[in-house]
Amino acid sequence: MCPPSQKDNTGALKAAVEVLGLSTVVLLASTIGLAVKENNAAPAAPAAPAEDTMSAVAAAPSTTDFVALKENSIFLDYRDNVCAGAQLAVANKLCADLEVPTPQAGGNVTKGYVGDLDVGSLKPHTDTYFQGDMCPVNVHWHLGTEHYSYGQYDENGKGPHGTAKRPEWANRDLAAAGEKVRGGFHCHHYDEEDEKFTKPYDWKYCTNMEVGETYEVHWPHSSVGDCGTVNQYQTPFYDGVFCNLSMEQFVAIAVDPQNIASNVGVHGQVFTVVNDEQYFYPDMMRGMIIDKQKNMGTDIHYYTGSTTGTSRNNEMCSQYAPITWQVDRQCHMISASSFDKLCHDMLLQRDDMKDDLYPHGSRELVMDSLVANNAADADSLAAAAAAAAGAAPEEARNGNLRI
């Protein structure tokens, strides 16, 4: 017998395969389309942080208290201060009893002013202090000004408590009734209708300071300070000025007064404090602010004088003299925060400078007979240089004269 015949299913199999392939393609296309749609959709907003997390962030300290870190610093131990007690004791003396009158400060620094005290060939240091190997050894300031610059800081100035009167020759009035320190002259910036002169500032480091007030800042410099070390800045400033000088050495070099004037100097610059951060300057430690674009530290009065303060007047003279003074004739506005940053920096020095974190009293304006007759400024220096070179003064002014 022959086997029974079998049905041919090849065609059906091929059809099934084709249908299955088509279905796979359709499914793949749908998957890709869905993925593209999800990718183009806006990302979901992140979940809000838990309330306790927000509270922890808000409570976290935003700054480090660097002043507090000083206490345990191995670098800032006050017992390692080699300048402590270096001040050489030179007592004040009645001006009338001085065999050779010593020029005094602060005097009139108005352009064109020259004192009446003949100091012979004695000259102030008119280069920058660092060119004379001097470094700043302290910074402190006085309520009002000790110097007088007509039209900038004078008897016509303004402040929260007025200004000092122009002497006839007479003592200065107090800045205000009940003040513990004698106030000096004031700048002309103050405007009681302008908030930046009246809005209180939350002082963190300086003490007894006031927005709207005028302060004269002094940066004593010395060539025998402990320059470039952690002992550079000192309170009282005398410790910094005399740090590396013995009394015997001082007596020897003081035979020629020029030695003192060429090795000890002071920067003086005057500010009205405002509560306005446009006037913030971050580094008042290093000396006078010099900025030609802002006319700061460019109109300088040079002369030789003495140390200042309220223990001296026109009868009692300082014998810490003659030292160079470089005084900015212009008054400038500066933010309260600039001073507070300065006080912060002072607290970070190895020496304890807390006794200079507040304004000191101002000496009364020194009378003409005690002010040296060796005043100089850019114009007089240019004229002298021109005369020495045999050139016209105008040509020298237009030259590159270093001051």
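Reply: Happy to; below we go through the disulfides and then a threonine. This is a predicted model, where local features need pLDDT of at least 70, side-chain atom pairs count only at pLDDT 80 or more, and totals for chains, interfaces and linings use all residues. Residues are numbered from 1 along each chain as its sequence is written, and side-chain values use heavy atoms, with hydrogens and water left out.

Me: Thanks! How many disulfides does the structure hold?
Reply: There are 5 disulfides, a disulfide being a pair of cysteine sulfur atoms within 2.5 Å.

Me: And what pattern do they follow along the chain?
Reply: Counting bonded cysteines along the chain, the pattern is 1-7, 2-8, 3-6, 4-9, 5-10.

Me: Let's take C83. Which cysteine does C83 form a disulfide with?
Reply: C83 pairs with C243, and their sulfur atoms are 2.0 Å apart. This pair links distant parts of the chain, 160 residues apart: C83 is in the loop between helix 3 (66-69) and strand 1 (93-94), while C243 is in the loop between helix 4 (237-241) and helix 5 (247-253). Helices (H or I, at least four residues) and strands (E, at least two) are DSSP runs, numbered from the N terminus.

Me: Is the link of C83 and C243 left-handed or right-handed?
Reply: Left-handed, with -80° about the S-S bond.

Me: Are C83 and C243 buried or exposed?
Reply: Both C83 and C243 are buried. Buried means under 20% relative accessible area, exposed means over 50%, and partly exposed lies in between (1.4 Å probe, protein chains only).

Me: Next one: what does C135 join to?
Reply: C135 is joined to C227 by a disulfide, S to S 2.1 Å. The two sit 92 residues apart in distant parts of the chain, with C135 in strand 2 (residues 135-136) and C227 in the loop between strand 6 (214-222) and helix 4.

Me: Why is the disulfide of C135 and C227 left-handed?
Reply: Because the torsion about its S-S bond is about -80°.

Me: And why does C227 count as partly exposed?
Reply: C227 counts as partly exposed because its relative accessibility is 33%. C135, on the other hand, has a relative accessible area of 8%, so C135 is buried.

Me: OK, C331 now. Where is it found, and what is its disulfide partner?
Reply: C331 is in strand 10 (residues 323-335), and C187 is the partner, with sulfur atoms 1.9 Å apart. C187 is in strand 5 (residues 186-187), and the pair links distant parts of the chain, 144 residues apart. The link is right-handed, with 95° about the S-S bond.

Me: How buried are they?
Reply: C187 counts as buried because its relative accessibility is 0%, and C331 counts as buried at 7%.

Me: What else does C331 touch?
Reply: Leaving out residues up to four places away in sequence, C331 touches Q152, Y153, C187, H189, V270, F271 and T272; contact means heavy atoms within 4.5 Å.

Me: Switching topic: where does T307 lie?
Reply: T307 is in the loop between strand 8 (300-305) and strand 9 (316-317). T307 counts as buried because its relative accessibility is 7%.

Me: Which side chain does the T307 side chain make a polar contact with?
Reply: That of S318, at 2.6 Å. A polar contact is a pair of N or O atoms within 3.5 Å; within protein, one must be able to donate a hydrogen and the other to accept it, and residues adjacent in sequence count only if both atoms are side-chain atoms.
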